[in-house]
Amino acid sequence: MTRRRTLKARMAEWVPGWLLRARRRLTGVPDYLTAEPRPMIFFHHDIVLAWSPKSACTDLMLWYLAQEGLLQEAMDLNPFAHVYRGERYYLSASYKARARALAASGGRGFTLVRVTRDPAKRLVSIFRYVLRMKFMDPFVAAKIGRDPAQGLSLLDLDQTLRGEDLGVHGRINVHCHRQDQPVWHLPFD
């Protein structure tokens with residue numbers, strides 16, 4: 001098995017297919033706009049909505065989609081709004097045009113709405129996520145040396161994440177990344 005195929009197979013274990021498809025590069029858009037979770041950009045206002053995972057992102061997305069008149073379309077596609085984000089929104093001509101406009105401005109003229117969460121509460125949320133989402137079990141087992149179905153503690157989670165790149169380009173699941181998005185560092189107005 002080639003290194004490339006191995007990496008692709010490993011990514012498929014950690015990232016849902018619809019999100020992998022959504023990661024297609026946009027021509028003329030810098031990397032800070034392709035790091036997951038990518039920001040939502042209002043179509044008729046110069047406002048960028050960006051969040052860290054496990055910070056009420058689904059509620060934020062539903063609010064954004066309602067503001068943009070896209071909520072019904074999203075729900076018709078799939079009740080899990082993140083599917084719409086990956087399969088329609090990021091691939092739309094409107095999003096691509098707004099992303100290019102944001103990239104061209106370097107953030108100037110746009111307002112950033114950044115949503116984060118209290119780190120202690122987010123840690124508990126990440127822990128519950130790891131317990132619930134079985135696709136992470138092989139990764140957790142490899143790091144702690146046993147099947148997480150036998151029980152998992154916060155110390156085990158610490159051991160699992162220790163030494164991993166928790167930045168936006170790390171291999172670990174996006175929900176375990178630190179609260180930082182490259183787009184947050186632009187000089188927004």
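This is a dialogue about reading the features of a predicted model.

Visitor: Where do I start, and which elements does the protein have?

Guide: Start with the elements and their order. This predicted model has nine helices and three strands. Read from the N terminus, the order is α-α-β-β-α-α-α-α-β-α-α-α.

Visitor: How much of the protein is buried?

Guide: Of the 189 residues, 43% are buried. Taking contacts between residues at least 6 apart in sequence, 64% join residues at least 24 apart.

Visitor: Which residues of helix 6 are buried?

Guide: Tyr95, Arg98, Ala99, Leu102 and Ala103 are buried there. They span an arc of only 140 degrees around the axis, so they lie on the same side of helix 6. The face turned away from that buried side carries Ala93 and Ala104, which are exposed.

Visitor: What covers the buried residues of helix 6?

Guide: The cover includes strand 1 (40-41), strand 2 (47-51) and helix 5 (81-89). Just after helix 6, Gly106 has a positive phi of about 65 degrees.

Visitor: How many residues of helix 5 are buried?

Guide: Seven of its nine residues are buried, so helix 5 is mostly covered. The buried residues are Ala81, His82, Val83, Tyr84, Arg85, Gly86 and Tyr89.

Visitor: Arg88 is also in helix 5. What is Arg88 in contact with?

Guide: Arg88 is partly exposed, at 39% relative accessible area. Beyond its neighbours within four places in sequence, Arg88 is in contact with Glu73, Leu77 and Val83.

Visitor: Which residues do ring pairs link into a cluster?

Guide: The cluster consists of Phe42, Phe43, Trp63, Tyr64, Tyr89, Tyr90 and Tyr95. A charged residue also meets one of these rings: Arg38 lies over the face of Tyr90, at 4.1 Å from the ring centre.

Visitor: Trp51 lies in strand 2. Is Trp51 buried or exposed?

Guide: Trp51 is buried, because its relative accessibility is 2% and the cut-off for buried is under 20%. Setting aside residues up to four places away in sequence, Trp51 touches Pro37, Arg38, Met40, Cys57, Leu60, Met61, Arg85, Val115, Gln181 and Trp184. Trp51 and Arg117 are 66 residues apart along the chain, and their C-alpha atoms are separated by 9.1 Å.

Visitor: What is phi of Ala56 near?

Guide: Phi of Ala56 is near 65 degrees, a positive value in a residue other than glycine. Ala56 is in the loop between strand 2 and helix 3, and is partly exposed at 43% relative accessibility. Lys54 is found in the loop between strand 2 and helix 3 (57-67). Lys54 has a positive phi of about 70 degrees, although it is not a glycine, and is buried at 15% relative accessible area.

Visitor: How many disulfides does a search of the whole structure find?

Guide: A disulfide is a covalent bond between the sulfur atoms of two cysteines. Here the search finds zero disulfides. Cys57 is buried at 11% relative accessible area, and Cys176 is buried at 3%.

Visitor: What is Asp156 in contact with?

Guide: Asp156 lies in helix 9 (residues 154-161) and is buried, with a relative accessible area of 10%. Leaving aside neighbours within four places in sequence, Asp156 is in contact with Ile144, Arg146 and Gly151.

Note on methods. Residues are numbered from 1 along each chain as its sequence is written. This is a predicted model: local features need pLDDT of at least 70, side-chain atom pairs count only at pLDDT 80 or more; totals for chains, interfaces and linings use all residues. Side-chain values use heavy atoms; hydrogens and water are left out. A disulfide is a pair of cysteine sulfur atoms within 2.5 Å. Buried means under 20% relative accessible area, exposed over 50%, partly exposed in between (1.4 Å probe, protein chains only). Rings of Phe, Tyr and Trp (its six-membered ring) pair if their centres lie within 6.5 Å; planes under 30 degrees apart count as stacked, over 60 as edge-to-face and the rest as tilted. A charge sits over a ring if NZ of Lys or CZ of Arg is within 6 Å of the ring centre and within 35 degrees of the ring normal. Helices (H or I, at least four residues) and strands (E, at least two) are DSSP runs, numbered from the N terminus. The arc is that of the directions from the helix axis to the C-beta atoms. Contact means heavy atoms within 4.5 Å.
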